[in-house]
Amino acid sequence: MSHAVAAAPPVKDEFSPFQAMADRFEAAADYLKLDKGVRDVLRTPDRELTVAIPIHMDSGELRVFTGYRVQHNFLRGPCKGGIRFAPDVNLDEVRALAAWMTWKCSIVGIPFGGGKGGVICDPKLLSQGELERITRRYTASIMDILGPDRDVPAPDVGTNEQTMAWIMDTYSMHVRRTSTAVVTGKPLNLGGSKGRREATGRGLMFAMREALKTMKDMPAQARIAVQGAGNVGGIGALLLHREGHKIVALSDERGAIHAPTGLDTPAVIAWLDEQARQPKEKRKFLDSYPGEHLTPKEKLLEIECDVLVPAAVENQITSRNVDRIKARLIVEGANGPTTAVADEVLDRRGIVVVPDILANAGGVTVSYFEWVQDRMGYFWTEEVVNARLEQTMVSSFAEVHSTAKKCGVSLRKAAYILALDRVATVYRQRGIFA
Ligand code: NAD
């Protein structure tokens, strides 16, 4: 059985993702002089669902997992946001990620609100069968609040196209018709969009390109350190390499490789792809890749480079290491990689940050394109998808950049100002149903 839970007050803590979101929210709300009531409406998640997910393990043991789905805000349209499978998933994190989705959709001007989901589990320790049963039971448990016009999940850390296919099938079996638009990030055969898999990395590449144009004395061939070698970091690194930049370091959850003159990025990514196809017990990580290693792997954040791309998890650039960051530009592939405390230091040091809610918005943008294509039953070429993504990222960057200049604030604060202002305007126009 599922049950709604009341929103707990956020914890005052540098490392609380919800606090990180709330601190930036308050700064932008102060700038916009939003009154307390409007702030409360915009900050408070609309709905939070916690579900128990009992499944039979391959061993025959019965185990209960916990899942969440948070719908932060649907003023601008159905909720949109990924589903994360990870051992450290918690409600504070899911709540923050859902709110970031609201601001992200608002910045890139797509008609969605924000949502996010998660299941506390370690996909690396689960078989395909166990993962499928968890996904299907989780979907059935949150079924009442899902739907193409209500809430449309997508992949995130620990989930992939196959997870989305199971969600789509489970939902479709319940509603007695094939409903492809209920999730995005699906396999192409099931109504996925061309270019979706690369969309976040490609969007990040466009955001970085636009940011570099606004900075003086940055080399045309930037030296880039990328933390995280998954969908965002791995694909992002490859696309940036193809643009002529040098990837000087790349890390995953086990190790970080380093080559000051530039890694052979296509070879590293091909090796990682090969590892991803191995059975779980045989899979290797970057700590086994030949060459120079950074130890501990977090050293990657502090190496000599022009651009740093944190594209793994939250809370990586913090009060503990911010003074040692050497990059002049940070482009946030991950959600919430920089704490609010570290942000202030970066700002003082003149380090430019392209914030997560702008830099990684390429994923949700092409998710929106996928949802549109599913509903039309008419599919676009990859060239069309990529061109529309580029247009969206370039114009969104320009809007955030000009707001930053006009208001005399950082790109992050400008992004929040734009996002909040748009959602607040829709709120005022819609009024309150009572
Ligand atoms: P993923 O699971 O495909 O990849 C995550 C990568 O990070 C893996 O290479 C993993 O080994 C590595 N990693 C994990 N912990 C690490 C650590 N402590 N140090 C270094 N590397 C570490 O996930 P993803 O989809 O690439 O997502 C990464 C981040 O980007 C998350 O914050 C996610 O919310 C965000 N994001 C993803 C998308 C998307 O479309 N996939 C869109 C927007 C934002």
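## Two exposed loop residues

Asp 217 is exposed, with a relative accessible area of 71%. Here, exposed means over 50% relative accessible area, buried means under 20%, and partly exposed covers the range in between, with a 1.4 Å probe and protein chains only. Asp 217 sits in the loop between α6 (199-213) and β7. Although Asp 217 is not a glycine, its phi is positive, at about 60°.

Before going on, a word on what you are looking at: this is a predicted model, in which local features need pLDDT of at least 70 and side-chain atom pairs count only at pLDDT 80 or more, while totals for chains, interfaces and linings use all residues. Residues are numbered from 1 along each chain as its sequence is written, and side-chain values use heavy atoms, with hydrogens and water left out.

Now to Lys 33, which is exposed with a relative accessible area of 72%. Lys 33 belongs to the loop between α1 (17-32) and α2 (36-43). Its phi is near 55°, a positive value in a residue other than glycine. The helix and strand labels follow DSSP runs numbered from the N terminus: helices are H or I runs of at least four residues, and strands are E runs of at least two.

## Around the ligand

For Ala 229, a backbone N or O atom lies 3.0 Å from a ligand oxygen. For Val 232, the distance from a backbone N or O atom to a ligand oxygen is 2.9 Å. Asn 335 takes part with its side chain, where an N or O atom is 2.8 Å from an oxygen of the ligand. Taken alone the ligand exposes 830 Å², and the protein buries 84% of that; these areas come from the Shrake-Rupley method with a 1.4 Å probe, and for residues, only the protein chains shown count as cover.

## Strands and their partners

Strand β4 (residues 79-86) is largely enclosed by the rest of the structure, because eight of its eight residues are buried. β4 pairs in the parallel sense with strand β5 (residues 113-120) over six bridges, and Lys 80 stands opposite Gly 114 in β5. Two strands are said to pair if DSSP finds at least two bridges between them.

β4 also pairs with β6 in the parallel sense, over five bridges. There, Ile 83 has Pro 155 in β6 as its bridge partner. Strand β6 (residues 151-155) is mostly covered, with four of its five residues buried.

Strand β7 (residues 223-227) is mostly covered as well, since four of its five residues are buried. β7 and strand β8 (residues 246-251) pair in the parallel sense over five bridges, with Ala 225 opposite Ala 249 in β8.

Arg 69 is found in strand β3 (residues 62-73). Arg 69 is buried, with a relative accessible area of 0%. A polar contact of 2.7 Å links its side chain to that of Asp 151. A polar contact is a pair of N or O atoms within 3.5 Å; within protein, one must be able to donate a hydrogen and the other to accept it, and residues adjacent in sequence count only if both atoms are side-chain atoms.

Leu 131, in helix α4 (residues 128-142), is buried with a relative accessible area of 10%. Leu 131 and Trp 166 are 35 residues apart along the chain, and their C-alpha atoms are separated by 9.8 Å. Ser 179, in the loop between α5 (161-175) and α6, counts as buried at 8% relative accessibility.

## A cis peptide bond

One last stop is Pro 296, in the loop between α8 (265-276) and β10 (307-310). A cis peptide bond joins Thr 295 to Pro 296, with omega about -10°.
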